[in-house]
Amino acid sequence: MKTCPIRLPHLGCRRAVLLVLLALVIMFQAVPALGIVYTCHVYPVVARVLSSLSSLVPFAMGDVFIALSVAWVVCYPLVAVIARRRKAGPTLLRVGEYLLWVYVWFYAAWGLNYCQPGIFSRLHMRPAEADTVAFRAFAERYADSLNATYTPVRGGAVRDVARREIHEGYRRLDHMGVNRPFGPRVCDKTMVFSRLSSMAGVTGSMGPFFCEMTINADVPLHAYPATCAHEYAHQLGVANEGEANFYSYLVCTRATDRAVRFSGYYLILFHVLHNVRALLGEAACQDYLRRLRPEVVSLARADQRYWQARRCPLIDDVQTFLFDLYLRGNRVQGGTRSYSGVVAIIMAWESKDKLKKTNSDR
């Protein structure tokens with residue numbers, strides 16, 4: 001009895017498919033109009049499929065995939081060339097092809113969200129101009145809201161409450177430049193390498209390969225809601241860090257639960273302090289700190305000590321440098337400084353909202 005051998009696809013066919021996919025990725029990156037098509041129509045389908053599959057696994061598949069990929073890229077050439085005495089050329093070619101497949105997968109599964117128009121264009125807002133009077137008024141309103149919502153956060157139940165509030169909050173953000181939730185609930189996972197992430201100052205991440213949002217196990221309870229809402233914005237197709245902070249702020253500060261609201265306001269505290277110092281001066285910054293509740297200031301200082309004790313300066317510097325290159329490579333203006341853009345976005349949004357209410361009252 002003869003058996004029919006299983007024929008594998010020819011390498012030329014596989015590489016042809018890879019070239020076609022690369023061409024599509026480059027085309028979407030080059031044509032701005034295609035960015036919004038991807039985010040609004042293609043990505044929701046991809047995300048729904050990937051997140052449904054990854055939700056069946058209790059651990060962060062993306063973390064494991066990245067770790068195994070790095071190990072293979074480093075170890076395979078050494079084993080193939082030194083131990084098995086294979087030629088270096090074909091070996092490196094195979095590694096290069098694998099990295100191209102990862103590149104395509106990254107952009108097809110999530111990365112092309114970087115190509116959509118910025119939030120000012122999506123929400124038809126004008127960027128807030130540098131105005132010390134307007135900023136001082138904003139900072140004072142913000143301090144009052146932060147003080148009013150302060151509440152000690154204790155007990156793990158805050159996570160379940162936050163997930164419900166965040167999911168409902170994003171469902172209500174209709175026509176706000178962000179996709180509606182794909183699934184019935186917020187499903188976050190704990191980072192596999194939380195200790196290493198803490199050394200680099202990373203509190204959460206969006207796993208693009210399997211559409212997973214992950215939270216560092218070291219994140220304190222009071223910061224969990226805002227961190228979760230930030231990563232959920234990424235999962236819904238928001239790539240820019242400042243924009244993700246804005247949506248997190250918007251969703252959390254509109255929540256019914258006080259602990260979630262406080263987390264949303266507290267999220268931007270250090271960004272506000274940075275802008276107070278830069279625009280109003282050091283003396284004004286010290287006065288501003290005295291305006292805040294002592295409990296809030298104590299919490300902020302405790303958080304600084306908490307994360308500083310876990311950070312490794314070398315790993316932190318390397319991660320910051322690489323992440324800055326990553327953001328600039330995806331055309332995020334300012335690199336890691338895009339985090340600070342959240343204050344400008346909130347002020348622009350408040351100005352637009354105020355103008356809208358004024359026009360409706362006429």
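## Two loop residues with positive phi

In this predicted model, Cys211 is found in the loop between strand S2 (204–207) and strand S3 (212–215). Its phi is positive, at about 55°, although Cys211 is not a glycine. Most residues other than glycine have a negative phi, and that is the background against which such a value can be read. Cys211 counts as buried because its relative accessibility is 2%, under the 20% limit for that word.

His175 also has a positive phi, near 55°, and it too is a residue other than glycine. The place of His175 is in the loop between helix H7 (157–172) and strand S1 (188–190), and with a relative accessible area of 73% this residue is exposed.

## Aromatic rings

A search of the whole structure finds 26 aromatic pairs. One of them joins Phe135 and Phe138, whose ring centres are 6.3 Å apart and whose planes meet at 40°, so the pair is described as tilted. Both residues belong to helix H6 (residues 132–149), where they are three residues apart, or about one turn of the helix, and both are buried. Tyr142 and Tyr265 form another tilted pair, with centres 6.3 Å apart and planes at 55°. This pair links distant parts of the chain, since Tyr142 is in helix H6 and Tyr265 in helix H11 (residues 258–267), 123 residues apart. Both Tyr142 and Tyr265 are buried.

Ring pairs also link a cluster of residues, among them Phe65, Tyr103, Trp105, Trp110 and Phe210. Charged side chains meet rings as well: Arg159 lies over the face of Tyr224, at 5.6 Å from the ring centre, while the charged end of Arg310 sits over the ring of Tyr306, 3.7 Å from its centre.

## Salt bridges

Side chains of opposite charge can pair when their charged atoms come close. The count for this structure comes to 14 salt bridges. In one of them, Asp218 and Arg310 meet with a distance of 4.0 Å from N to O. Asp218 lies in the loop between S3 and helix H9 (224–235), whereas Arg310 lies in helix H14 (residues 294–310), so the pair ties together parts that are 92 residues apart in sequence. Asp218 is buried, at 18% relative accessible area, whereas Arg310 counts as partly exposed, at 31%.

Asp160 forms a salt bridge with Arg163, and the closest N and O atoms are 2.8 Å apart. Both of these residues lie in helix H7, three residues apart, which is about one turn of the helix. Asp160 is partly exposed, with a relative accessible area of 42%, and Arg163 is partly exposed as well, at 22%. A further salt bridge brings together the side chains of Arg293 and Glu295, at 3.3 Å from N to O, and a network of salt bridges links Arg14, Arg15 and Glu97.

Tyr247, in helix H10 (residues 241–253), is buried, with a relative accessible area of 0%. The residues it touches, not counting those up to four places away in sequence, include Ile119, Arg122, Tyr170, Leu173 and Val238. The C-alpha atoms of Tyr247 and Leu173 are separated by 9.1 Å, and the two residues are 74 residues apart along the chain.

Val74 is found in helix H3 (residues 61–83) and is partly exposed, with a relative accessible area of 49%.

How values were computed: Residues numbered from 1 in each chain as written. Predicted model: local features only at pLDDT ≥ 70, side-chain atom pairs only at ≥ 80, totals over all residues. Heavy atoms only, no water. Helix = DSSP H or I, 4+ residues; strand = E, 2+ residues; numbered from the N terminus. Buried < 20%, exposed > 50% of the residue type's maximum accessible area, 1.4 Å probe, protein only. Phe/Tyr/Trp six-rings, centres within 6.5 Å; stacked < 30°, edge-to-face > 60°. Lys NZ or Arg CZ within 6 Å of the ring centre and 35° of its normal. Contact = heavy atoms within 4.5 Å.
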